[in-house]
Amino acid sequence: MTDAAEKIPVLAIAGPTATGKTGLAVALAKRFDAEVLSFDSMQLYKGMDVATAKPTPEEMDGVPHHMIDCVDPSETFSVAKYKAAADAIIDDIRARGKQVIMVGGTGLYLDAVLQNIELLDIGDNTEVRAALQKECDEQGLPVLYERLKTIDPEYAEKVDPNNASRVIRALEVYTLTGYTMSYQIARSRETPSRYRPLIIGLTAKDRNYLYARIGRRVDQMVEQGLLDEAAELLEHAPGETAAQAIGIKEVLPYLRGEETLSACLDQLKTATRRYAKRQLTWFRREPDITWIFIDECGSPDAVAAEAERIVLASGLFGDR
């Protein structure tokens with residue numbers, strides 16, 4: 001499927017955390033008779049509703065959402081697994097006559113689908129992974145991250161240096177195959193994508209505006225039960241991928257009696273701001289993204305109106 005007219009149209013809503021991506025996706029899904037496919041690497045996990053800002057049934061407002069709340073917190077979930085699942089879901093949505101809107105903030109997941117990145121799915125090699133995990137526990141994650149920077153500086157620049165699962169996975173893949181993640185990504189792009197995407201990015205011109213939204217979101221997360229959620233994960237899935245999510249790992253010292261709640265929440269706000277900066281860095285490398293500045297629009301309705309105008313002007317979904 002190489003002809004542009006035959007490719008599957010996909011609208012993607014991308015950008016940093018706390019910019020209103022979910023609300024915009026729902027509004028556009030109602031306007032264009034679409035279903036939503038998440039590309040958030042942490043909203044996949046069950047039991048992490050508050051920490052990952054997972055959309056509530058009220059926020060979904062009757063719009064079907066996919067790849068949310070579907071993986072046990074004790075499991076790991078690779079990019080290759082996500083791509084295979086997402087491709088199948090898109091086929092199913094289209095077979096039912098609906099349009100597809102992807103929404104999230106995990107750039108690698110989005111690229112894997114829209115750019116047809118076929119990463120080697122080597123499974124989990126228990127011996128190699130256990131050795132890397134032991135090294136991480138004994139010497140610290142920065143030691144492994146520095147090794148990744150030496151082996152694969154391009155991928156290391158993109159990955160969160162605090163994401164132990166992603167750093168260990170990249171080293172595991174290299175150990176088992178001799179190929180870096182960057183090499184795999186570049187080679188996989190030789191096969192044309194079957195999708196015709198339109199990517200809309202949400203951000204703020206005033207960085208302080210975005211940071212204020214992040215601060216308010218953290219405060220709301222606590223009110224909504226973040227501490228209870230983290231305690232549950234600490235009991236049932238300590239040290240697993242999901243328990244390393246931003247929003248969970250920062251409050252664990254408080255639950256263990258090692259730090260004050262105020263200090264942990266300050267750390268969570270700092271970590272979330274840093275994560276938002278990394279997300280922006282990733283998406284700004286995308287040459288074909290159309291940005292909407294939420295602070296200039298002033299309201300979710302104005303953002304939705306601008307996004308609708310962009311979609312209609314593109315002809316992505318025809319003239320509906």
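Contact here means heavy atoms within 4.5 Å, while helices (H or I, at least four residues) and strands (E, at least two) are DSSP runs numbered from the N terminus. The model is predicted, so that local features need pLDDT of at least 70 and side-chain atom pairs count only at pLDDT 80 or more, whereas totals for chains, interfaces and linings use all residues. Residues are numbered from 1 along each chain as its sequence is written, and side-chain values use heavy atoms, with hydrogens and water left out.

**Exercise 1.** Find the order of the six strands in the open sheet.

*Solution.* Two strands pair if DSSP finds at least two bridges between them. With this rule, the order is β3-β2-β4-β1-β5-β6, and the pairing is parallel. At the edges stand β3 (65-66) and β6 (289-293), each of which pairs on one side only. Further in, β1 (residues 8-14) and β5 (residues 195-203) are joined by seven bridges, and V10 has P197 in β5 as its bridge partner.

**Exercise 2.** Determine which strands helix α4 lies across.

*Solution.* Helix α4 (residues 107-114) lies across β1, β4 (99-103) and β5, and runs at about 160° to β5. Axes are lines fitted to C-alpha atoms, for helices over the stretch in contact, and angles run from 0 to 180 degrees between N-to-C directions.

**Exercise 3.** Count the disulfides, taking a disulfide as a pair of cysteine sulfur atoms within 2.5 Å.

*Solution.* The count is zero. For C136, the nearest cysteine sulfur belongs to C264 and is 20 Å away, and C136 is in no disulfide. C136 is buried (under 20% relative accessible area; exposed is over 50%, partly exposed in between, with a 1.4 Å probe and protein chains only), because its relative accessible area is 10%. C264 also counts as buried, because its relative accessibility is 3%.
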